Amino acid sequence: MSSSSCIGISTMKPCCRILGGTKTRSFFGFSPPKLNDSIVENLSKPQSRSAAAGGRLDGSNSQIVGYICVTGPNRRAFSDSGSNWSQSRVFRRNYLGIRGNSCSNNGSSSSSSRRRRRILVVRNVASDFRNHSTSVEANVNEKSFERIYIQGGLNVKPLVIERIETGPNDVVKEEESFRIDEVNGSNVNIDSSKGLNETKVEKEVSKNEKEAWKLLWDSVVTYCGSPVGTVAANDPADKQPLNYDQVFIRDFVPSALAFLLNGEPEIVKNFLLHTLQLQSWEKTVDCYSPGQGLMPASFKVRTLPLDGSEGAFEEVLDPDFGESAIGRVAPVDSGLWWIILLRAYGKITGDYALQERVDVQTGIRLILNLCLTDGFDMFPTLLVTDGSCMIDRRMGIHGHPLEIQALFYSALRCSREMLIVNDNTKNLVAAINNRLSALSFHIREYYWVDMKKINEIYRYKTEEYSTDAINKFNIYPDQIPSWLVDWFPEEGGYLIGNLQPAHMDFRFFTLGNLWAIVSSLGTQKQNEGILNLIENKWDDLVAQMPLKICYPALDHEEWRIITGADPKNTPWSYHNGGSWPTLLWQFTLACIKMGRPELARKAIDVAEKRLAEDQWPEYYDTRSGRFIGKQARLFQTWTIAGFLASKMLLENPEKASLLFWEEDYELLETCVCALSKTGRRKCSRSASTS
């Protein structure tokens with residue numbers, strides 16, 4: 001067999017692999033197969049990958065959904081001079097500007113077409129395997145392969161291996177031609193993925209949109225020849241990219257929506273599957289590991305020399321779970337964003353089979369188990385630390401920040417739609433329903449403020465001990481800040497940033513309020529009140545660049561105490577009152593849901609006047625958003641993608657409607673207190689509604 005071993009198996013540790021800690025989990029409960037030229041004969045004999053490829057993972061038994069591609073100095077992947085690989089789906093590097101390499105390379109001066117063929121085989125073979133979860137098949141010319149599949153979800157039984165025969169004509173099928181027209185013309189024309197959306201997205205675009213699309217494609221990252229995400233920023237003049245050259249889960253969401261709305265689901269599917277691979281790897285900080293199910297904040301594709309093979313190399317995924325981040329904080333929101341994006345992918349493409357895969361269902365369950373773990377907290381909200389979300393530095397949001405609660409609520413609603421209900425998941429679904437009910441009541445009742453509620457807080461009595469207490473969190477009226485008294489309008493309201501015993505954070509946090517609208521975490525009246533407040537306080541929250549991440553900024557002694565005198569979070573900069581254009585797409589989605597698209601269009605028009613001219617900055621400074629952020633990266637991908645997604649959402653309101661939720665009245669009728677058989681529990685809802 002003259003070609004290299006190149007095959008995709010949904011439970012193998014990849015050679016185009018993932019860098020993990022020294023301690024890893026056995027995710028599916030068996031060791032990976034040995035990979036060499038006799039893989040056909042030895043597929044049913046599990047061995048360490050290091051025996052074949054000189055791996056660096058110490059023969060650990062962690063099982064990851066992935067695929068393998070090894071090409072030695074004297075080998076090449078499945079291809080021959082008479083094949084039609086050049087007609088298959090590939091990304092044109094001269095257009096995309098992708099810096100990725102093939103899975104492995106012998107360092108020789110092989111032709112461009114041969115490199116394309118090598119990459120293509122990885123894509124074709126691997127994708128054929130990844131598209132099946134409970135049964136996996138591959139057909140290769142004149143060889144017999146085995147079918148491997150898993151049963152039982154987390155409680156995995158031994159592998160069931162069946163031999164299947166393939167005929168001489170069963171070659172990997174050529175996929176449809178994939179074409180990206182350069183956007184130097186008047187149209188953006190991108191062929192959609194076969195079987196998902198057959199129509200072409202062809203429309204007139206503005207000069208700024210053309211530039212944005214080109215920059216977005218330039219930011220695409222490949223892994224083993226397939227697109228898997230976009231870098232956080234792609235400024236060619238930046239000599240110190242830090243971690244901005246990585247693929248962040250939260251940052252990729254607007255990019256994913258732009259691709260999905262433009263009929264390009266492949267990169268989103270690859271992203272979802274590869275980040276799922278990373279979920280089961282363990283990273284440690286000072287010998288301590290986070291809980292199972294944690295999604296990384298980001299990952300980077302690294303090219304490393306292949307052990308034992310001179311001149312050959314391999315691509316690896318190196319995830320960051322917070323062990324390298326500023327403050328060493330694990331990302332709470334990554335898993336929540338992943339679930340939200342998984343639902344969006346299914347809704348827009350109609351490819352619900354991805355959600356039903358065993359590995360994907362298991363991934364959802366792991367995230368939910370991590371979020372729903374019992375603790376010492378008495379509240380249905382998630383307890384998190386500072387820096388665990390988009391606001392990734394010390395900003396006084398530890399405890400129960402609104403952003404996390406809104407994303408948590410959205411992820412729970414997504415999971416309830418996507419989880420397959422059976423004996424293994426019925427208890428989890430019941431827990432989701434109970435948590436949704438309790439969380440929605442808690443946020444609506446205790447986080448909401450308007451003029452009526454502020455007047456009520458102003459007259460609070462303290463030190464109330466009974467279950468009938470009105471001031472349940474012992475909030476002191478003097479906590480009402482002076483800025484709020486003069487700033488709050490007569491009409492409208494919002495959900496406060498945080499709530500803990502004896503503490504209410506009255507700052508307006510945009511992301512949490514927008515997602516409360518999108519997910520129907522707030523009531524219809526509250527959702528309308530939030531948009532009314534934004535419109536009423538347009539000069540403060542939008543001004544010359546939408547949208548303020550929070551309002552107002554911390555300054556003077558408050559800034560020194562709460563942020564630790566953070567030199568990046570100075571007043572009206574970065575996360576301390578800076579303006580973030582990426583929030584545009586979420587604002588647009590909220591406006592469309594509430595029947596206020598003109599408000600979103602007004603904000604987009606404000607942004608479009610400056611974004612391209614300013615080279616698509618990460619954020620803006622000053623109270624009015626007049627200056628480019630003092631440490632803002634240029635050509636920030638989620639700024640670019642947020643602008644494009646906003647435009648397309650306005651043009652396709654019917655697709656936008658697939659991404660938000662209407663009120664679920666069944667949740668309002670569900671209360672865990674009513675399920676209790678003890679007489680001690682008294683529901684706070686009756687007191688609040690009486």
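Helix 5 passes helix 21 in a left-handed crossing (the near helix is turned anticlockwise from the far one by less than a right angle). The model is predicted, with local features requiring pLDDT of at least 70 and side-chain atom pairs pLDDT 80 or more, while totals for chains, interfaces and linings use all residues. Residues are numbered from 1 along each chain as its sequence is written, and side-chain values use heavy atoms, without hydrogens or water.

Helices (H or I, at least four residues) and strands (E, at least two) are DSSP runs, numbered from the N terminus. Helix 5 contributes Asn208, Glu209, Ala212, Trp213, Leu215 and Leu216 to the contact (heavy atoms within 4.5 Å). Their partners in helix 21 include Ile640, Phe643, Leu644 and Met648.

Arg393 is located in the loop between helix 10 (358–371) and helix 11 (402–418). Arg393 counts as buried, because its relative accessibility is 16% (buried means under 20% relative accessible area, with a 1.4 Å probe and protein chains only). Among the residues touched by Arg393 are Asp386, Asp566 and Tyr574.

An open sheet of four strands has antiparallel pairing in the order 13-14-15-16 (pairing needs at least two DSSP bridges). Its edge strands are strand 13 (448–449) and strand 16 (550–551). Val449 stands opposite Tyr494 in strand 14.

Methods
Buried < 20%, exposed > 50% of the residue type's maximum accessible area, 1.4 Å probe, protein only. Lists of a residue's contacts leave out its neighbours within four places in sequence.
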